[in-house]
Amino acid sequence: MALAPAGDFRTSYRADMTIFPTRNSLIAVLLGIAILCAAPLVLGRYEMGLLINIGFMGIAALGLNILVGFTGQISIGHAAFFGFGAFLSAYLHEKFHIPVILCIPLAGIGTAFVGLIFGLPAARLKGLYLAIATLAAQFILEDFFARARWFTGGVAGRMTESVELFGIRFDREESYFYIVLFFTIVMFVMAANLMRSRDGRALIAVRDHYLSAEVMGINLAYYRTLSFAISSLYAGVAGALYGHYLLFVSVEAFNILFSIQFLAMVIIGGLGSVMGSLMGAAFMVLMPEGVQWVADLLAGGWIDRTLKIGGSISFLREMAIGAAIILFLVFEPDGLAHRWKQIKAYWKLYPFSH
Amino acid sequence: METGLLFQLVLNGLIVGALYGVVAMSFVLIYKASQVVNFAQGEFLLIGAWACWWLLTYWKLPFWIGFPVSLAFMTVFGMVLQVVVLRPLIGEPVISVIMATVGLSIFFQALMKWMFGVFAQPFPPIFPVDQVSIMGLQVQSVYLLSLALSLCIMLGFWWFFSFSRHGLAMRATAFDQQVAQSLGISVPQVFAMSWAISALVSSVAGVVVGVVSGVSSGLSFYGIKVFPAVILGGLDSVVGAMLGGIIVGVLENVAQYVDSQWLNWGNMTNIAPFYALIIILMIKPYGLFGTKNIERV
């Protein structure tokens, strides 16, 4: 429930559909971006790395949210498309010497086409069957990565170049952060805009009641496939950003657990919420840090010795992902975005919040 | 061309396929009864096999005690899982329910790795004879047992759904929940029972695979292999699941043979079923025996 301040009445559809309902919300967003721009001055390299991770994970999660949250289709192969984007961007740069900054969007478009191939069953099938089709896509693409040495470098993996723009190399966390920030803002504004357009409303109609949508003249096959392509596009861009950040892309990174992590971000952030995707990504990036922190606290104690926590921290992280998914589904199915709205509403009405 | 090798591979495929069929049947059981697509089916195999292994190696129980005890444990486990995690999600969208089972899957996979380590652990020897020769073919005795067990389970399923009171109640619930309720069938009880039976049957398959090739987290891959099988057979058909499992098992081994003879791509065993899955989804999405959804508005 969005609460508008008293006296702020909408008199046209255009006013009702704006991204920023009030001037203050626009100012808040711009201020937030300005603060983020100053972040490299304050934070260390490790924290900047986390922020970069949140950035590209957020883009990928947003893509998945367009598919899962807005269109009601489910994909269990998002990491494979993410990986395809990473490899494609590196390949385009090495083979055709396209500047890296252009390779990133191009990788997104290329991945969208691959997504189209696997999304074709989506044109005929509903959520459940598509979930299984994307599961197959996950394994087929993973197998392709391991086999196509010309494309991925095989088992050895592929080295990538860092972004170079106007003679400046963006190869440190402090500088690469701005590239990620730029792409994150662009992709999020694009998604927010998409959801205000006819196409975006059509996607939501397909989710809410596909029969009614079809009766209203929405081409189901077209929009289901389109949604899948858009989601792959976001995954591709995010993957490319990931590749040029790490400067090395390994074949084994894009397994099914990674795909499930993206789904977890969408669930935790809130299905069908643009900003929720970013919150979910932040949660999933910071959660391993939290697990590590708890493990460090317990290190050396009797709990650590009896449960062997120190040696099995990676399993604990996986368990935390699974537990987070289940707990959010049972106790907070609308995700962090919903909780955030409730907090805002509470303070707006304070002290008369009931 | 070595026909002997091909024959052996097809036989292996049949044996492995029968196991897939058993797992696929228990998957379909859950789907039919409670409309939940269970991505954690493989973890039932995994947990069942680890439980049995633990009883046999730590407590030094003989197989004929440890095996039933682990099966009993899995029955309770399946029921508890349904009551604690899946019951609050009744009425939620399909996506949430799928995601919950995905969450369960990675949670238990990681938990098992944490408790028992990442390395494959062999079962203590159970049979005095390792291999039996049948018509000139060497067959491991465990495989024979697994084939016999699979057949028993399939027969058991057939009896359960055709004659037993609970099986009929389950079929009625799958057909129409409201009508079933008005006939005095407790739908929540049926849900819990379907999960319990599914976990029980899957863990039998898990123990068999564990005895053959050691217990490791690779067992949970059976839960993924189930999808080509059930899509081939039709998501809501028990007979289809069984046939689908056998076809996938044979397909795997034939694909491996074709690969080793001519293609040399590698890893075809694991990937071929998924290519088949995509093709089936494009041509005949409701599978060989599945009911086609006709929607009335």
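B:I197 lies in helix α8, residues 187-213, of chain B; helices here are DSSP runs of H or I with at least four residues, strands are runs of E with at least two, and both are numbered from the N terminus. The model is a predicted one, in which local features need pLDDT of at least 70 and side-chain atom pairs count only at pLDDT 80 or more, while totals for chains, interfaces and linings use all residues. Residues are numbered from 1 along each chain as its sequence is written, chains are lettered from A and ligands numbered from 1 in the order in which they are written, and side-chain values use heavy atoms, with hydrogens and water left out.

B:I197 is a buried residue, because its relative accessible area is 17%; buried means under 20% relative accessible area, exposed means over 50%, and partly exposed lies in between, with a 1.4 Å probe and protein chains only. Leaving aside neighbours within four places in sequence, B:I197 is in contact with B:L29, B:F160 and B:M170, where contact means heavy atoms within 4.5 Å. B:I197 can also be placed relative to B:V76: the two are 121 residues apart in sequence, and their C-alpha atoms are 9.5 Å apart in space.

B:L145 is found in helix α5, which covers residues 141-162. Its relative accessibility is 31%, so B:L145 counts as partly exposed.

B:K60 belongs to a loop, between α2 (41-57) and α3 (63-86) of chain B. The phi angle of B:K60 is near 55°, a positive value in a residue other than glycine. With 65% relative accessibility, B:K60 counts as exposed.

These residues may now be set within chain B as a whole. Chain B has 11 helices and 2 strands, and along the sequence they follow the pattern α-α-α-α-β-β-α-α-α-α-α-α-α. A compact globule of 297 residues would have a radius of gyration near 19 Å, and chain B agrees, because its value is 19 Å; the radius is taken over C-alpha atoms, and the globule rule is 2.2 Å times the number of residues to the power 0.38. Along its principal axes, the C-alpha trace of chain B spans about 60 × 50 × 35 Å. Of the 297 residues, 53% count as buried. Among the contacts in chain B with a separation of 6 or more, 73% are accounted for by residues 24 or more positions apart.

Chain A has 17 helices and 4 strands. For its 354 residues, a compact globule would have a radius of gyration near 20 Å, and the value of 21 Å for chain A agrees with this. The C-alpha trace of chain A spans about 60 × 55 × 50 Å along its principal axes. Buried residues make up 51% of the chain. In chain A, residues 24 or more positions apart account for 77% of the contacts with a separation of 6 or more.

A:Q261 is found in helix α13, residues 256-269, and is buried, with a relative accessible area of 18%. Not counting residues up to four places away in sequence, A:Q261 touches A:M284 and A:I321. A:L247, by contrast, is placed in the loop between α12 (220-246) and β4 (248-249). Phi of A:L247 is near 65°, a positive value in a residue other than glycine, and A:L247 is partly exposed, with a relative accessible area of 30%.

It remains to consider how the two chains meet. The contact takes 46 residues from chain A and 43 residues from chain B. The size of an interface is often given as the accessible area lost when the parts come together. Between chain A and chain B the buried area is about 4,000 Å², of which carbon and sulfur atoms give 80%; this area is what the two parts lose on being put together, found with a 1.4 Å probe and summed over both. A:Y129, A:I132 and A:M319 supply 16% of the area that chain A buries against chain B, more than any other three residues.
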